[in-house]
Amino acid sequence: MQFAILGAGSLGLLWAGRLARAGHRVRLLMHTPEALQRWQARDSALVLEQDGQQQMFRIPAQLNSVADPFDCLIVATKAYAVAEALAPVYRRLAPGGSVVMLQNGLGSQQYATQLCAPSQVLYASVTDGAWMPRPGHVVWAGTGITRIGDPSAGPCPAWLEELPVSVVDWCWETDMESVLWQKLAINCAINPYTVLHDCANGEVAERAGADLDALVAELQSLLVAQGFRGQATELPTLVSTVIQRTALNSSSMRQDVQAGRRTEIEYILGYACRAAARHGLETPTLRTLHRRLETHLAMLGLPTN
Ligand code: KPL
């Protein structure tokens with residue numbers, strides 16, 4: 001079984017490190033000769049740190065345009081980078097192989113399903129916390145769960161069945177779309193406010209004020225329109241729980257803005273606004289929030305999509 005990883009950020013390297021630690025064959029696919037050279041100049045070394053303990057693995061890397069065939073492709077790029085990253089490599093997936101999509105928001109996963117057909121494309125939602133103090137060194141700061149499933153109701157692949165939860169704590173979801181929609185709604189309710197008010201997750205309720213209740217109600221109607229009534233009912237409690245449980249965290253969108261990176265606004269708020277419009281739903285709070293965020297990003301000189 002040969003694993004290939006697209007995206008050498010913290011999540012991609014976390015997968016590479018955990019798979020290598022369990023003895024799997026894994027390699028990184030690099031998008032530019034410069035990125036490949038930088039990796040090889042560090043002796044292809046990946047340091048995985050957990051609870052203060054560091055382990056080092058040599059992870060071979062190849063240029064995505066010349067990569068050898070592989071059985072499983074883990075796509076760990078940002079949502080907006082998926083199309084460009086997949087284009088040169090998806091044809092090298094072995095027959096019967098699988099693609100695992102780890103992106104935030106929605107939209108990039110469906111794109112991959114279409115592009116990679118008839119290969120099995122799995123969607124995943126990840127709660128592990130990881131960060132990189134320097135290139136090639138990933139700190140597994142918070143162990144989480146990887147919920148994973150096939151939106152086309154295909155079976156759990158054998159390689160995943162055989163992957164011990166001590167390597168990746170995964171659970172199979174039969175309705176992965178509802179999981180991702182619920183996560184999308186939570187991200188719509190938290191992430192934009194953390195950027196607009198430059199605050200940690202814990203301050204969102206106070207900073208957003210009455211807007212937050214109006215927004216959550218609109219997101220509930222969107223979940224119902226999508227056919228996820230149970231997720232809609234749970235949403236208000238879930239948003240409060242996530243705000244409390246991650247009170248000191250910076251949302252992924254705020255981290256992107258602070259690092260001067262493009263955000264995933266299009267795959268979170270943009271996707272939700274388009275879905276609401278398709279259903280003919282009135283979502284004034286959501287639309288206003290989307291516009292405010294676009295304006296804010298433009299003022300910072302960042303892309304608005
Ligand atoms: O998933 C998140 C994100 O930052 O994207 C939340 C749930 C808001 C936690 O920070």
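Strand 1 (residues 2-6) and strand 2 (residues 25-30) run parallel and are joined by five bridges. The model is predicted, so local features need pLDDT of at least 70 and side-chain atom pairs count only at pLDDT 80 or more, while totals for chains, interfaces and linings use all residues. Residues are numbered from 1 along each chain as its sequence is written, and side-chain values use heavy atoms, with hydrogens and water left out. Helices (H or I, at least four residues) and strands (E, at least two) are DSSP runs, numbered from the N terminus.

- Eight strands form an open sheet in the order 5-2-1-6-7-8-11-12, with mixed pairing; two strands pair if DSSP finds at least two bridges between them.
- Strand 5 (61-63) and strand 12 (170-172) are the edge strands, and each pairs on one side only.
- On average, neighbouring strands of this sheet are turned by 25 degrees against each other, direction ignored.
- Q2 has R25 in strand 2 as its bridge partner.
- Five of the six residues of strand 2 are buried, which leaves this strand mostly covered. Buried means under 20% relative accessible area, exposed over 50%, and partly exposed in between (1.4 Å probe, protein chains only).
- Strand 8 (120-126) and strand 11 (residues 146-149) run antiparallel and are joined by four bridges.
- V126 stands opposite T146 in strand 11.

**Helices on the sheet**

- Helix 4 lies across strand 7 and strand 8, and runs at about 165 degrees to strand 8. Axes are lines fitted to C-alpha atoms, for helices over the stretch in contact, and angles run from 0 to 180 degrees between N-to-C directions.
- Helix 6 packs on the sheet and touches strand 8 and strand 11; its direction makes about 40 degrees with that of strand 8. Contact means heavy atoms within 4.5 Å.

**The buried face of helix 4**

- S108, Q109, A112 and C116 are buried in helix 4 (residues 108-116).
- Seen down the axis of helix 4, these buried residues fall within an arc of 100 degrees, so they line one face of the helix. The arc is that of the directions from the helix axis to the C-beta atoms.
- An α-helix has 3.6 residues a turn, so residues three or four places apart point the same way.
- The cover over the buried residues of helix 4 includes helix 3 (82-86), strand 7 (93-101), strand 8, helix 6 and helix 11 (265-278).

**Helix 6 against helix 12**

- The axes of helix 6 (residues 176-196) and helix 12 (residues 284-299) come within 10 Å and cross at roughly 35 degrees.
- C188, P192, Y193, V195 and L196 in helix 6 meet L286, L289, R292, L293 and H296 in helix 12.
- The residues of this contact divide into eight nonpolar, one polar and one charged. Ala, Val, Leu, Ile, Met, Phe, Trp, Tyr, Cys and Pro count as nonpolar, Asp, Glu, Lys and Arg as charged, and the others, Gly among them, as polar.

**Backbone exceptions**

- Most residues other than glycine have a negative phi, and most peptide bonds are trans.
- The peptide bond from A117 to P118 is cis, with omega near 10 degrees; P118 lies in the loop between helix 4 and strand 8.
- D43 is not a glycine, yet has a positive phi of about 60 degrees. D43 lies in the loop between helix 2 (33-41) and strand 3 (45-50).
- D198, in the loop between helix 6 and helix 7 (204-208), has a positive phi near 45 degrees.
- D198 counts as partly exposed because its relative accessibility is 47%.
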